[in-house]
Amino acid sequence: MIIDKIKEKKGLDIVVVDLINILNAPCSFFVICTAKSQTQINAIASNIQGKLKEELNLTAWKEEGRGSNWRLIDYSDVVIHIFKAETRTYYNLEELWGDGNIKKIK
């Protein structure tokens, strides 16, 4: 569902990092994608949040980065990261959490 909502708003380079078997991981999964602008970051975030609220009655436990180049939406077991390209490259979460199982979504 999350991947579909990212794709609907043309999110790029979608990756899912499975952290289930990583000791002391902050969650079970990271979903990471890139957006071309702040407007697109907000559109992707709103699309995900709207669908999860509508379908599963889920509200994010925590959210950070409104108005920045990195939006984080925390649903406890799943944390969604929406980056502008240069910010994603700088923080390089895929390498930082490279012990997890990384799946690139097409």
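Let's begin with strands β1 and β2. Strand β1, residues 12-18, and strand β2, residues 29-35, run antiparallel and are joined by five bridges. Within this pair, Val 16 stands opposite Val 31 in β2. Two strands count as paired if DSSP finds at least two bridges between them. The strands themselves are DSSP runs of E with at least two residues, helices are runs of H or I with at least four, and both are numbered from the N terminus.

A word on the source: this is a predicted model, where local features need pLDDT of at least 70, side-chain atom pairs count only at pLDDT 80 or more, and totals for chains, interfaces and linings use all residues. Residues are numbered from 1 along each chain as its sequence is written, and side-chain values use heavy atoms, leaving out hydrogens and water.

Now the whole sheet. The sheet is open, has six strands in the order β3-β4-β5-β2-β1-β6, and its pairing is mixed. Strands β3 (62-64) and β6 (101-104) are at the edges with a single partner strand each, so one side of each has no neighbour in the sheet.

Next, helix α2. Residues 38-56 form this helix, which lies across β2, β3, β4 and β5 and runs at about 160 degrees to β5. Such angles run from 0 to 180 degrees between N-to-C directions, with axes fitted to C-alpha atoms, for helices over the stretch in contact; contact means heavy atoms within 4.5 Å.

Finally, the protein chain. It has four helices and six strands, and from the N terminus the elements run α-β-β-α-β-β-β-α-α-β. Its C-alpha trace spans about 30 × 30 × 25 Å along the principal axes.
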